[in-house]
Amino acid sequence: MNTSSGSTVRTGLFPFVLASLALAIGAGRLVVIETTQGAELRARADSQQSATMPIPAQRGDILDARGRVLAGSIRRPSIFADPFLIPDIRFAAYSIAPVLKLNAAEVEQSLREALAADRHFVWIKRQISDEELAGFSEVREAKELGGLVVRYEAQRKYLNGRLASHVLGFLSADNRALAGVELTYDSFLRGVDGSRTLVVNTRRQRVSARPEDFIDPRDGASVVLTIDAYIQECTEKHLTAAAQTYAAEWATAVVLDPQSGEVLAMATYPDFDPADPIPAGLRPAEHKAAEERLFNRAISGAYEPGSLFKPFVVSCALEDGLARYGERFVINGPTRNWGRRTIHDTHTYSTLLLEEVVSKSSNIGMGMIGERVGNERLNRYVRRFGFGDLTGIDLPGEHEGLVQDFSRWTGYSTQSIPIGQEIAITPLQALAAFSVFCNGGILYRPRIVRGIVGADGTLLRDDSRPVAIRRVLDTRTADSIRLGPLVDVVLTGTGTKAAIPDYQLFGKTGTAQIARPGGHGYLPGKYMGSFLAGAPSDEPRVAAIVSIFKPGQRAYYGGTVAAPAAAAIVADALNYMRVPPQKSMPDRRSRGAGVADAD
Amino acid sequence: MTTLTGVRMTSRTQQLEPLDSEPADGWIIFLVGLLMALGVVMVYSASVRADAAPIDWSQWWNSPLRQGAFALLGLIVMLIVAGLDHRTWAWTRRRGMLPAGIVAGFALLLLVAVLIPGLGESRLGAQRAFSLPGGMTFQPSEFAKVAMIVWLAAMLARPGVPVRALATGYLPAIGTAGILIALTGLEDFGTAALMGLVAFAMLVMAGARVTHLSATAVLGIAAASILIFSKEYRVRRLLSFLSETPDPAGEGYQLSQALIAIGSGGWWGRGLGNGVQKYGYVPHDENDFIFAIICEELGVVGGIVVCGLFMALLWRGFTVVRRSRDDFTRLLAGGLTMVICLQAAINIAVVTGAVPTKGISLPFVSAGGSGLMFLCLAAGLLAACGRSESAPRGA
């Protein structure tokens with residue numbers, strides 16, 4: 001087929017073969033691409049064509065013991081932008097700024113900065129109002145603005161405002177848990193975010209959905225607290241009143257069910273707004289103060305207990321038969337020397353009964369008891385009452401207190417520990433140990449969470465049962481301390497201002513010097529006045545501690561600044577809990593006379 | 001033009017046989033129609049946007065319907081041309097090279113005119129098109145490639161002037177064709193390369209000496225190199241192609257996106273209309289890279305079918321060449337077959353990454369106005385060449 005009819009022109013098969021080969025190579029390339037790179041190319045296609053967006057899980061609620069919602073979540077629209085998808089940044093900024101009540105120049109600048117920094121995500125305004133959303137949507141529609149997206153974000157709502165702020169904690173602006181129950185139970189509250197995947201074009205606009213890649217979010221569980229909102233409210237009210245009356249630097253109070261270790265209220269003054277813990281635009285000094293307000297004083301700081309510590313030491317002497325009720329101690333006050341150490345009493349006593357050593361808070365008497373007990377036994381009992389250990393409460397940032405290792409105890413300790421020096425404890429530790437006198441000698445772990453309920457209503461965790469850590473005292477010893485010296489404190493001792501109607505209250509005052517931060521010695525003229533209280537004395541239902549730090553007024557004794565507040569809190573709690581009035585009230589005259597006005 | 005119709009001419013010339021009333025080559029018209037139908041469907045699919053707005057009938061000109069209108073117009077052009085006598089453009093004793101000369105001269109004029117600033121429109125760094133009303137453009141190179149084939153076929157088929165004679169046969173032919181190719185190559189390297197290949201193929205078919213052809217090939221490669229290095233973007237494309245790891249965001253972007261489209265289609269494709277790469281990922285997805293979208297939606301199998309359609313066209317063109325009775329028809333049919341099928345082969349090679357990127361579309365399938373018209377004209381001419389096959393010899 002090369003030539004035909006003598007012409008010089010040939011058919012020229014050769015070019016046709018080559019052209020056909022070229023087409024065949026093209027087809028062959030397709031097969032080669034598919035077999036050698038197919039999977040890799042499909043993976044690249046998938047990664048560039050799909051956009052996965054989170055579907056945030058609803059954060060669980062925090063409820064009080066009676067199911068009242070303390071913290072809940074709602075969804076609010078927020079607006080973000082991808083500056084790379086905005087054709088005219090200035091136009092967009094000046095279009096949306098008025099309806100969102102923003103400064104147009106600032107919006108433009110933040111968009112331009114993101115553009116320069118190669119960031120595809122800028123918040124324009126978070127958690128806007130419905131009105132702002134309507135205005136924004138209208139403008140975006142009318143001016144055909146691209147690159148501006150509305151995303152619904154969860155917003156935490158604390159329905160009772162500042163109530164129990166230190167217990168609840170708070171979240172950061174991007175909903176990360178930072179403190180309180182929000183933090184300790186974050187893994188339950190948070191839930192698991194879902195996601196949906198879209199096929200998108202090069203401008204990241206939706207082309208189609210990919211239902212097979214839809215992941216359903218799992219909403220967070222709700223945490224039920226042992227806190228009762230009403231008792232909490234009363235506690236905060238009385239604490240704030242006391243702190244303000246005595247111009248305290250701060251104050252804290254905890255209310256406990258001594259029979260189970262359930263925390264009924266926990267408050268710190270001054271409090272904060274969990275929805276906005278550190279407001280924007282504060283000066284540095286204010287900012288520091290705001291940060292200090294976040295500190296949960298009831299558990300996060302340890303202080304020398306002072307006289308609060310006396311009943312614990314006396315109980316150990318009684319438990320081991322080293323002292324007995326009715327025993328008379330020769331005080332010969334107001335001072336006494338142990339070696340080079342001089343111990344002072346506020347009042348001058350010649351002799352005191354054992355009960356009176358506690359109720360009148362004699363330091364010299366305690367020094368003598370300390371001598372009998374001895375360092376080794378003291379150390380053992382201090383540890384048995386839980387001092388120097390975390391109580392194990394489910395809140396972040398608990399301080400374990402400061403109990404020196406026994407190897408570092410000296411002859412000084414024998415007199416220091418019984419009067420609450422050389423040792424530092426948290427208010428919660430003091431209250432948990434105090435409960436030992438209320439429940440017949442058992443140390444319970446303070447609990448703040450009763451249980452966790454899943455989003456579908458199933459009970460995920462039941463924490464409602466008391467957790468006994470150990471028996472500290474024999475029941476008789478424990479009851480005798482409560483019914484004896486601790487009742488005397490209120491009847492005739494340092495805590496007479498804590499008397500309440502209908503119930504016999506018992507307690508112990510404490511006025512501690514404040515250790516100089518980071519050094520030896522104490523701050524002159526600075527005290528922390530505390531009161532441990534419980535009632536009713538025959539069958540205690542409520543125990544409470546109130547500590548007033550650095551009261552600025554003349555008064556600073558625990559019996560003056562803290563006892564009335566503690567008594568008011570206990571009284572309100574008992575009434576609220578409908579505890580029947582006590583049948584047999586101990587008679588004041590049957591007890592020792594002579595009211596002390598100090599500890 | 002009607003005065004130049006075949007019927008009248010044949011009655012006045014003795015070389016040409018009378019035109020029969022037999023039909024043109026139906027296979028070619030069928031295959032081209034099939035490719036154009038595929039083109040309309042695929043251009044429609046590729047032009048879908050994410051917001052998926054319904055067609056605005058008052059703006060139909062800017063919608064995928066436009067490709068349908070072009071395809072219809074192309075079909076009409078092809079059928080009309082197929083009905084005319086292609087031998088009008090051959091050398092005759094009476095008019096010599098005049099008819100072919102008019103065609104080639106007109107192409108030459110347009111190629112020069114497009115270079116004049118203000119007349120030609122500069123786009124993407126190349127000045128290769130005239131603007132027409134309705135947002136359309138016309139590239140003289142589209143016309144020049146057909147004109148060159150007509151001219152070369154007429155030149156090489158002159159009786160008594162053997163192509164093997166260097167001075168009288170070979171040099172005048174390649175000289176004149178070379179001018180058209182060089183002028184095209186100034187602004188449109190891809191089309192020029194295609195024209196060069198087609199011209200070379202026609203010289204081979206005409207029976208040129210191997211020594212002449214070899215020398216021409218060397219000269220052609222040298223000329224191509226000069227053209228490549230005369231434009232910065234051509235060098236860049238070449239370097240990007242030669243690079244082991246082309247920058248996916250830069251020059252290599254188009255190709256890597258085309259490969260992703262091919263790969264994501266797999267063997268059987270995502271299904272017609274289900275492609276994703278057309279949503280802005282593959283640039284020029286309706287034009288030069290429509291083949292990638294075909295592979296994504298219809299799979300490797302769909303791509304092979306397209307290759308097969310062009311091979312069928314090649315086979316049919318070869319049949320026309322083999323059966324044709326005069327040199328002009330033979331060379332014309334050969335050149336036209338080559339220009340269509342080589343353009344397809346180059347386009348597919350570009351999209352699959354076998355050769356560097358050039359601005360060359362997939363014949364009959366890619367979106368386009370003037371380009372499609374001239375290809376339909378070429379196909380019509382080829383179909384016309386096929387008509388003589390069943391005509392009685394020496395009637």
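Chain A carries 19 helices and 23 strands. Bear in mind that we're looking at a predicted model here. Chain A runs to 599 residues, and 45% of them count as buried. Take the contacts in chain A between residues at least 6 apart in sequence: 74% of these join residues at least 24 apart.

Now for one helix in particular. Helix H11 of chain A spans residues 310-319, and ten of its ten residues are buried, so the helix is largely enclosed by the rest of the structure. The run of buried residues in H11(A) starts with A:Lys310, A:Pro311 and A:Phe312, and it also includes A:Ser315, A:Cys316 and A:Glu319. What do the buried residues of H11(A) pack against? Their partners, in chain A, are these:

| Element of chain A | Residues |
|---|---|
| helix H12 | 354-359 |
| helix H13 | 363-373 |
| helix H14 | 375-384 |
| helix H16 | 427-438 |
| helix H17 | 475-491 |
| strand E21 | 506-515 |

After H11(A) comes A:Gly321, with a positive phi near 70°.

On to the two chains together. Chain A puts 37 residues into the contact, and chain B puts in 44 residues. On the side of chain B that touches chain A, four helices of chain B each supply at least two residues: H7 (189-206), H10 (253-265), H11 (290-323) and H12 (327-351). By residue class, that side of chain B splits into 33 nonpolar, eight polar and three charged. Watch the labels, by the way: H11 of chain B covers 290-323, while H11 of chain A covers 310-319.

How values were computed. Residues numbered from 1 in each chain as written. Chains lettered and ligands numbered in written order. Predicted model: local features only at pLDDT ≥ 70, side-chain atom pairs only at ≥ 80, totals over all residues. Contact = placed C-beta atoms within 7 Å. Nonpolar A, V, L, I, M, F, W, Y, C, P; charged D, E, K, R; others polar. Buried ≥ 20, exposed ≤ 12 C-beta atoms within 10 Å, placed from the backbone.
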